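Reader: Please take a close look at a single part of this model. I would like its make-up, and then the elements around it.

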Amino acid sequence: MRTRPTLTWEPSGDLPPATTDLAPVVEAVRAGGVVVLSGAGLSTESGIPDYRGEHGSLRQHTPMTYQEFTGSEQARQRYWARSQLGWRAMIRARPNAGHLAVAELAESGLVTGVITQNVDGLQQAAGAPDVIELHGSLTRVLCLHCRAFTTRAEVDRRLREANPHFEAGAERHRSARVNPDGDVELPDEAVRDFRVVPCAACGVGVLKPDVVFFGENVPPDRVAACRELVAGATSLLVLGSSLTVMSGLRFVRQAADARTPVLIVNNQPTRGDRWGVRVELPLGEALKDVVAGVRESRSSSG
């Protein structure tokens, strides 16, 4: 499967209206068998911006594509230099109320699977078990030559050794926030002398974060695992995703084709609205209210 490099999507006038009523979400979660599909909007309250929201990072930068990364040494230098600063912010980020609510619902057995489009690891840090990272994780790095994996922490150590003065000099140029793909904006002059390290295992291979860039293939076995989860779901709950790229939207379509209810909590229209019900509320507070509503309904029925 190929993630289409669709960076923007404009809602048409024929989308169904959103609601602010959480009752359908509470009812679906209370019934159990929910599969969650989460996007960058779930991490905004942890200080990591989304791509396409009101303050989304696409308004300020274009994310790296797979073709650009693999085809240009200069692009790789730019990516790793920016990522070297962005990684600091990513590891400081902590799970927010939304992550914690999903983890609680998963631990209770009401959420039977979590698929995340995020690469920040915050849903796992919140305690949700068996999260499928659809687009990979920034915590791992892959050699494109020998296919060896290493940790981002180890690559960070090597990059710091190779560029001992880079961070001190670059900090004055950096943007105020980290982007969802783990980098920050830096001018060309700040990255010109940055040294990129090769794979430590084979000595020659190009290192790439183990994430799915725009235009890159999502591993087929990962897609198959997600399809299996969605096929067994009693409802699909989409959290903080615009569903612009097909890698996430295809699961909404799968659920709709199987007549599985699709519920979306997102502050902006999504590409999946025509296949489900969208609740337009701030995500963290909404999910806290869902957890409280489920607890209340269980208490009253018990």
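Author: The lining of the second largest pocket divides into 8 nonpolar, 2 polar and 6 charged residues. Here Ala, Val, Leu, Ile, Met, Phe, Trp, Tyr, Cys and Pro count as nonpolar, Asp, Glu, Lys and Arg as charged, and the others, Gly among them, as polar. The model is predicted: local features need pLDDT of at least 70 and side-chain atom pairs pLDDT 80 or more, while totals for chains, interfaces and linings use all residues. Residues are numbered from 1 along each chain as its sequence is written, and side-chain values use heavy atoms, without hydrogens and water.

The lining comprises 16 residues. Leu142, Arg147, Glu216, Asn217 and Pro219 lie nearest the pocket centre. A pocket is an open set of points on a 1 Å grid over the protein atoms alone, where a 1.4 Å probe fits, with protein on both sides within 12 Å along at least five of seven lines; lining residues have an atom within 4 Å of a point. The space inside is about 270 Å³. That volume is filled by probe spheres set on the points, which are joined across faces, edges and corners.

Strand 6 gives the most to this lining, with 4 residues. Strands (E, at least two residues) and helices (H or I, at least four) are DSSP runs, numbered from the N terminus. Strand 6 is mostly covered, with 5 of its 5 residues buried; buried means under 20% relative accessible area (1.4 Å probe, protein chains only).

Three strands form an open sheet in the order 5-4-6, with antiparallel pairing. Strands pair if DSSP finds at least two bridges between them. Strand 5 (149-151) and strand 6 (207-211) are the edge strands, each pairing on one side only. From one strand to the next, the twist averages 40°. Helix 6 (residues 152-162) packs on this sheet. The helix touches strand 4, strand 5 and strand 6, and its direction makes about 75° with that of strand 5. Touching is contact, with heavy atoms within 4.5 Å. Angles run from 0 to 180 degrees between N-to-C directions, on axes fitted to C-alpha atoms, for helices over the stretch in contact.

Strand 4 (residues 136-143) is joined to strand 6 by 4 bridges. Glycine 136 has valine 211 of strand 6 as bridge partner. Valine 141 stands opposite proline 209 in strand 6.

Notes:
Buried means under 20% relative accessible area, exposed over 50%, partly exposed in between (1.4 Å probe, protein chains only).
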